[in-house]
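This report walks through one structure, part by part. Look over the sequence and the model first, then read on.

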Amino acid sequence: MIAKAESPSGQRHSAGAQLILRVLQQFPPYRWTQARLLRWGVRGRTAVIAIPYFWLLLFFLVPFIIVLKIAFSETQIASPPYQPLFQWAGDKVLEIKLNLGNFMFLFEDNLYWKAYLNSMKVAFISTLLCLLVGYPLAYAIARSRSTWRNVLLMMVILPFWTSFLLRVYAWIGLLKNNGFINNFLMWLGVIDQPIVMLQTDFAIYVGIVYSYLPFMILPLYSNLEKMDLTLLEAAADLGSRPFKSFLTITLPLSMPGIIAGSMLVFIPAVGEFVIPALLGAPDSLMIGKVLWTEFFSNRDWPVASAVAIALLLLLVIPIVLLQRAQSAEARGAHR
Amino acid sequence: MSNRVPLFRISALVFGFAFLYIPILLLVIYSFNKSRLVTVWGGFSTEWYGKLFANDQILSAAWLSLKIAAINATGAVILGTLAGLALARFGKFSGRTLFSGMTTAPLVMPEVITGLSLLVLFVAMEQFFGWPQGRGVTTITIAHMTLTMAYVTVIVQSRLSTLDDSLEEAAMDLGARPAKIFFLITLPIIAPALVSGWLLAFTISLDDLVIASFVSGPGSSTLPMVIFSKVRLGVSPDINALASIMVLLVTVGVVIAGFLMHAQEKRRQRDMQMAAAGGK
């Protein structure tokens, strides 16, 4: 039965794989590594786990610990521009200097408070707008004929494959004072003075909604697509109007998709740098931009690290929400 | 219910796709604009494409970005496949929670934080071990691999968890060694997932500005870094030309991939029908 399922195409694939295996086994470093690992008692299974594990520990976890360390150390004019946190203070006593100054600085300086609050506000409004644009689209795709669905979905993802930077750039040309939208509206005679749109918060909202729309649509679509439509039929049979059925059935059932999509937009939007830098006002306060400036212009690594830690703490709640929504979706899929 | 004309759905589709595509369309149209002013139409011209291909800074940055993206994607697919395999097939192992947390966290981490933390790591490593010496292509590639392997892991893991492992078990019962099972059975089955993972890792790397800016050194400006410094000063038509070329490449690539996947899906269905007919 299984042998029959492996049709010609299957055989072609495994012939290729067999070739890869043959070549690998003849390849001296592979054999050497295999023999060496086996002598150390490392089985293939252990190696499969250990290689990515080690990579992530080294390049993902350890960096955070270092950032945490730098956030608690003092600035100095040197390279690297911070003082070591651990020092051997004579007699082999490890001295740990915790300097809360950087965090106190964040609390005291209004700039950081404003930047955090403004980032949250901008991310929240953009997420809401993204949901307003994305939900109808995801809904329409999920309820189209199945032959159309994949094409429409591909069309949603297609812009995502082109450069993010260039998609943001496209909006500069649209939103400028003598840009496309203003020219069009003036040609129509709706306005006679250009509306200032570029370098405002509005431009940042548009940029975020435009760039992150696929992140909103995909989880919503996968939720709406597997919804049990017989529930809606039952409601219709019992005399419920479509709009009421939508509010009482579809909307509550799509909640995990709404939460997952919203968090996937909200989390990166809070720390966004490119969009406020290109579309926002030069003095627009977004925390990603503040961190960038502290780091690249002021070269104050300890304060930049403290900003990063504080940003991470702010994002803990949305990240937990996202994981809960995703595991709820996964459970729903297995049911 | 379905014979009500879905006016709402049609308008949602029209509005949504107009929003997604009009900016890109305008970008492409204005790349053929003769006028230097990007928003005033001054007649058809391809001079900006000529200017683009005469710009050494952009060309060398593009070549550097392509190289980094290709190396990164290959490394990310290897690491991500190992990680996805471990998460989907190995059941419980010690440290699994931390491991799965670390594979998904880079997906949601703000880029500024990832970039900053990797930079301080590289600086600390250089202090202690003398490696990497300075920052450049190597550090950008490592940083991108850390980010993009997370995407590959998710793709491989979800592909493996939707497959039942009966084929692998059958091979094991027949005495095949694990490495052989992986190369002869698992790898061919997940090959399409690996291809899409590679492409995704490639695109993300090609597109990344923030992380690359943190971990790059003098003389290693990637394409997004060059574009960003140009765009910051204002709109310029040769960037429109560059964008149009990228849009064209991506569209062609996605359409071809779509056709290939469609053909493969058809072949798979035919195979399954044949198998079902043979089984009777």
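The model is predicted.

## Chain A in outline

Chain A holds 16 helices and two strands. Of its 335 residues, 46% are buried. Among the contacts in chain A with a separation of 6 or more, 68% are between residues 24 or more positions apart.

UniProt, in an unreviewed entry, gives the feature "transmembrane region" for residues 46-72, 122-142, 151-172, 202-221 and 301-322 of chain A. Two of these spans can be set beside the model. Residues 46-72 of chain A are 96% helix and 0% strand, with 37 Å between the end C-alpha atoms. Residues 122-142 of chain A are 100% helix and 0% strand, and here the end C-alpha atoms are 29 Å apart.

## A buried threonine in chain A

Thr127(A) belongs to helix H6 of chain A, which runs over residues 110-142. Is Thr127(A) buried or exposed? Its relative accessibility is 7%, so Thr127(A) counts as buried, the cut-off for buried being under 20%.

Leaving aside residues up to four places away in sequence, Thr127(A) touches Met216(A), Ser262(A), Val265(A) and Phe266(A).

## Two loop residues with positive phi

Gln199(A) is not a glycine, yet its phi is positive, at about 65°. The residue sits in the loop that joins helix H9 (180-188) to helix H10 (201-225) of chain A. With a relative accessible area of 44%, Gln199(A) is partly exposed.

Arg299(A), also a residue other than glycine, has a positive phi near 50°. Its place is the loop between helix H15 (287-296) and helix H16 (301-334) of chain A. Arg299(A) counts as partly exposed, at 44% relative accessibility.

## Annotated regions of chain B

The unreviewed UniProt entry for chain B carries the annotation "domain: ABC transmembrane type-1" over residues 62-260. In the model, residues 62-260 of chain B are 82% helix and 0% strand. The end C-alpha atoms of that stretch lie 28 Å apart.

UniProt also places "transmembrane region" at residues 12-32, 61-87, 107-125, 137-160, 181-204 and 239-260 of chain B. Among them, residues 61-87 of chain B are 100% helix and 0% strand, and their end C-alpha atoms are 37 Å apart. Residues 137-160 of chain B are likewise 100% helix and 0% strand, with the end C-alpha atoms 33 Å apart.

## Salt bridges

How many salt bridges does a search of the whole structure find? Over all chains there are five. Glu47(B) and Lys51(B) form a salt bridge with an N to O distance of 3.3 Å. Both residues are in helix H2 (residues 47-53) of chain B, four residues apart, which is about one turn of the helix. Glu47(B) is partly exposed at 32% relative accessibility, and Lys51(B) is partly exposed at 45%.

Glu168(B) pairs with Arg89(B), their closest N and O atoms being 2.9 Å apart. Because Glu168(B) is in helix H7 (residues 166-173) of chain B and Arg89(B) in helix H3 (residues 56-89) of chain B, this pair ties together parts that are 79 residues apart in sequence. Glu168(B) counts as buried, at 11% relative accessibility. A further salt bridge joins Lys230(B) and Asp238(B), with 3.5 Å between the closest N and O atoms. Lys230(B) is partly exposed, with a relative accessible area of 25%, whereas Asp238(B) is buried at 9%.

## Where the chains meet

The size of an interface is often given as the accessible area lost when the parts come together. Between chain B and chain A the buried area is about 8700 Å², and carbon and sulfur atoms give 82% of that area. On the side of chain B that touches chain A, 63 residues are nonpolar, 18 are polar and eight are charged.

In terms of contacts, 89 residues of chain B meet 94 residues of chain A. Which links does the rule find across the interface of chain B and chain A? Eight residue pairs are in polar contact, both residues being at pLDDT 80 or more. The count of salt bridges across the interface of chain B and chain A is zero.

Key:
Residues are numbered from 1 along each chain as its sequence is written. Chains are lettered from A and ligands numbered from 1 in the order in which they are written. This is a predicted model: local features need pLDDT of at least 70, side-chain atom pairs count only at pLDDT 80 or more; totals for chains, interfaces and linings use all residues. Side-chain values use heavy atoms; hydrogens and water are left out. UniProt positions are given in the numbering used here, feature names are shortened, and annotations may be inferred rather than shown by experiment. Contact means heavy atoms within 4.5 Å. Buried area is the accessible area (1.4 Å probe) that two parts lose on being put together, summed over both. A salt bridge is a side-chain nitrogen of Lys or Arg within 4 Å of a carboxyl oxygen of Asp or Glu. A polar contact is a pair of N or O atoms within 3.5 Å; within protein, one must be able to donate a hydrogen and the other to accept it, and residues adjacent in sequence count only if both atoms are side-chain atoms. Ala, Val, Leu, Ile, Met, Phe, Trp, Tyr, Cys and Pro count as nonpolar, Asp, Glu, Lys and Arg as charged, and the others, Gly among them, as polar. Buried means under 20% relative accessible area, exposed over 50%, partly exposed in between (1.4 Å probe, protein chains only).
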